[in-house]
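Here's a protein to walk through together. Have a look at the fold, and then we'll take it piece by piece.

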Amino acid sequence: MRVPAGGRGTRLLLARAALESLGVTSRVALIRPFSADPSTYRFPSPNLYTHAVLKVDVGGGQSLWLDQNGRTNPLGVLRPVHADRQALLLAEPGHPTSLVTTPGTRPDLDQKSGERAPKCDAQGNLEATGSER
């Protein structure tokens with residue numbers, strides 16, 4: 001399989017194909033981010049829904065939302081700007097387009113901690129090391 005390099009959505013499509021090959025059902029959802037026009041429309045423009053994620057069915061009526069664009073958020077946790085937002089589930093054979101709401105944030109998982117150790121030498125040069133988790 002040839003995978004295009006650097007295109008937006010490449011990881012999303014690759015993850016969807018991998019899940020499908022394992023027999024796991026997923027659908028592409030377009031999220032209306034916090035920064036989008038908040039006005040309500042009878043017929044909203046597709047341009048309002050700009051962030052693509054996967055909604056994965058894990059059984060028992062449970063879903064896992066996967067964001068291949070977020071590299072620092074934990075598995076299944078959307079970034080706060082995409083949490084508790086309106087999303088458009090794209091149509092597929094047997095499934096019509098529908099509007100859903102993404103899960104809310106989990107404050108316990110939305111925190112980072114880190115350590116930094118700056119050092120300044122006699123000439124005024126600053127050297128710093130650190131880690132983030």
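What share of the contacts in the protein with a separation of 6 or more comes from residues 24 or more positions apart? It's 41%, where a contact means heavy atoms within 4.5 Å.

A word on ground rules: this is a predicted model, so local features need pLDDT of at least 70 and side-chain atom pairs pLDDT 80 or more, while totals for chains, interfaces and linings use all residues. Residues are numbered from 1 along each chain as its sequence is written, and side-chain values use heavy atoms, leaving out hydrogens and water.

Five strands form an open, antiparallel sheet, ordered β3-β2-β1-β4-β5; strands pair if DSSP finds at least two bridges between them. β3 (62-66) and β5 (98-101) sit at the edges with a single partner strand each, so one side of each has no neighbour in the sheet. From one strand to the next, the twist averages 35 degrees. Zoom in on β2 (residues 51-59): five bridges join β2 to β3, antiparallel, and Gly 59 stands opposite Gln 62 in β3.

Now for the helix. α1 (residues 10-21) lies across β1 (26-31), β2 and β3, at about 15 degrees to β2 (axes are lines fitted to C-alpha atoms, for helices over the stretch in contact, with angles from 0 to 180 degrees between N-to-C directions).

Finally, 24% of the 133 residues count as buried, meaning under 20% relative accessible area with a 1.4 Å probe, protein chains only.

Methods: Buried means under 20% relative accessible area, exposed over 50%, partly exposed in between (1.4 Å probe, protein chains only). Helices (H or I, at least four residues) and strands (E, at least two) are DSSP runs, numbered from the N terminus.
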